[in-house]
Amino acid sequence: MNVIEVKQLEKVYNDSEVKVYALNGVDLTIEEGEFTAIVGPSGSGKTTFLNMLGGLDQPTSGYISIGGTEISQLSSSQLINFRLNNIGFVFQAYNLIPVLTAKENVEFIMHLQNQPKAERESRTMALLKAVGLEGRENSRPNKLSGGQQQRVAVARALASKPKFVLADEPTANLDSKSTENLLEIMEELNKKENITFVFSTHDQRVVNKARRVLTLEDGKIISDVRK
Amino acid sequence: MKTNLKLAWRNIWRNKRRTLITVASIFFGVLLSAYMTSMQEGSYDKMVDIVVKFYSGYMQVHQEDYWENKSINNSFDYDQALVDQLKKHSEIDFVIPRLESFGLASAGELTRGTAIFGIVPDVETQLTGIASKIVSGKYLQTTDDGVVIGEGLAKYLKLGLSDTLVIITQGYHGVSAAGKFPIRGIIKHASPELNKSIVYMELKTCQSFLNAENKLTSLVVNVANNDVMNRMLKSLKNEIKSPYSIMSWEEMQPEVVQQIESDRAGGILMKAILYIVIAFGIFGTIMMMIAERRREFGVMISIGMQKRKLSVILFFETLFIGLLGIASGIAVTLPLILIQAQNPIPLTGQTAKLMEDFGFEPYMFFSTAPEVFWQQAISVFLLTMLVGIYPVIAARRIKEIKALHGT
């Protein structure tokens, strides 16, 4: 089943009368359960592409469908709701809410979904256990290491039961041990629970773990390798 | 909602120092404005007290020409039917007959202009409490041919108890009136001006002295407070027909009303300036809070938080800061003003003299009326709400992709 379907996607920036193609006619299909890395040099359009897939930015032209919904047709408010229920985000700088504990950060998404308290609590604890943070649930982000914060971010991304998780350079700020640890967690979640992951990365260790590697250059996919 | 409140509460403490400084600015704003208002309203209350409780009462019935020409010739005959008509209103506490005139009080070589009040002693004291203001001697009896005079007048004329006061004046229809009256008591009147000139005598004695048998210049109509007066005045004006007229203390003393109003307007201007300073203080804090958290807002919206929910959290943050400032301000101001109300500040020197010249006691009085507190609380609360609109608009304008990049 296709989770993501992209056709002739273009994003053009008009910079002093010169058109800059951040994405130039991208076609892509990602199926459920894939573990995909998007690589490419700086300025190749990785982040722009990820922003489009996450509904954070509007394309100039083209078609993006997530789980059968064409997201470019949604209003701003509908798009926020769509992201809440369909897409999990993991950011490079973790971006946890600093005034909430690890548990509250994970639970926050389910609050937004108006899930019942009992379900919120049990899922939060299960997710924190899955990312190896059992016992740290009451710590605020500033009391956690970078690796631990990113694991909370992964748990938060999965809390809403999304169709897929978008991770923008999730290991960029982590040391090698934390990177290894995080990748193992995500790989396990992918294999055991069939969660679809899409990364943008420069990190070779992420690329090595990925089962599909897309290479972007000048806003175009120049290679699509399945392992 | 609970999560929104929790988030907002925790957010305001992310930068404790900044929040405390903002709360402190509101605190001092509430403190200063409440203190100033209390002082102003306390002075006004005292002015009204002097006018109402020690002199005019809330309303007076006169012969319709009396107020234009305060002559004993414009007095009226005591009319029991009129008194009964007034007394049938349950909100009227009491109706007090008076015969007022002016004369010259003399003792030995000394003479001073004096206000002569012919009163029914036991009824008059219900309004003015003058019986309790006697500093030496005793209060007038129901039938008494003596007088009670103001302390200032006694001092000026160098008179004491049982001395004789001579009064010369013009009686009803131009009759020359001169009389000698033994001093029964000396009173310390709350109004310094009246203290220097007042002479109370029993109504019948006064009527006889002025050759004005059964005549009155006024019927003091007293009610509980200004609100009751305002409520009743219109209907009483329709009810009291010629040859009588009824006037409120505000009509009888328009200069007092004007003085209060102009002073109050000055106070409002001062408070408005104070509030503007407070509002900018809160606004600055909120702007900084929003500017430094743009990226976080971008993340929250990206992961699925509706902008309206974010607006609610930011609004609560503004509200919490405002409420903390108001609550702490009121908590400190309330006991402070209660203490000050019990212990008015005595004025000295030129200020004291000036106040006495205007007929007021030389004290800074404080009001503990609830509006002194709630008006400041409501004003700052509304200001906070107004400032709270900014984060609501700011949150709704956030573009997640820009906010994620912190711009």
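Predicted model: local features only at pLDDT ≥ 70, side-chain atom pairs only at ≥ 80, totals over all residues.

**Entry 1: the two domains of chain B.** I began with the distance between domains: the C-alpha centres of domain 1 of chain B and domain 2 of chain B lie 49 Å apart. Then I looked up where they meet, and found that domain 1 of chain B gives 5 residues to the contact, while domain 2 of chain B gives 4 residues. What sort of residues sit on the side of domain 1 of chain B that touches domain 2 of chain B? I got 2 nonpolar, 1 polar and 2 charged. For the bounds, I wrote down 2-51 + 256-404 for domain 1 of chain B and 59-222 for domain 2 of chain B.

**Entry 2: strand S8 of chain B.** Next I went strand by strand. Which way does strand S5 of chain B run against S8(B), parallel or antiparallel? S5 (residues 134-137) and S8 (residues 176-187) run antiparallel, with 3 bridges joining them. I picked out one pair here: Ser136(B) has Ile186(B) in S8(B) as its bridge partner.

Then I checked strand S6 of chain B, residues 147-150, which pairs with S8(B) in the parallel sense over 4 bridges. On this side I noted Val148(B), which stands opposite Gly185(B) in S8(B).

How many bridges link strand S7 of chain B with S8(B)? I found 7 bridges, in the antiparallel sense, with S7 covering residues 164-170. Gln170(B) stands opposite Ser176(B) in S8(B). S7(B) and S8(B) also make a hairpin, with 5 residues between them. I looked at the turn too, where His173(B) has a positive phi of about 60°.

**Entry 3: chain A as a whole.** I turned to the other chain and looked up its elements: chain A has 7 helices and 10 strands. Does its radius of gyration agree or disagree with that of a compact globule? For 227 residues such a globule would come out near 17 Å, and chain A has 17 Å, so the two agree. I also took the span of the C-alpha trace of chain A along its principal axes, which is about 55 × 40 × 35 Å.

How much of chain A is buried? Buried residues make up 48% of its 227 residues. Last, I looked at contacts in chain A with a separation of 6 or more: 71% of them are between residues 24 or more positions apart.

Note on methods:
Residues numbered from 1 in each chain as written. Chains lettered and ligands numbered in written order. Helix = DSSP H or I, 4+ residues; strand = E, 2+ residues; numbered from the N terminus. Rg over C-alpha atoms; globule rule 2.2 N^0.38 Å. Buried ≥ 20, exposed ≤ 12 C-beta atoms within 10 Å, placed from the backbone. Contact = placed C-beta atoms within 7 Å. Domains from an automatic or database assignment. Nonpolar A, V, L, I, M, F, W, Y, C, P; charged D, E, K, R; others polar. Pairing = 2+ DSSP bridges.
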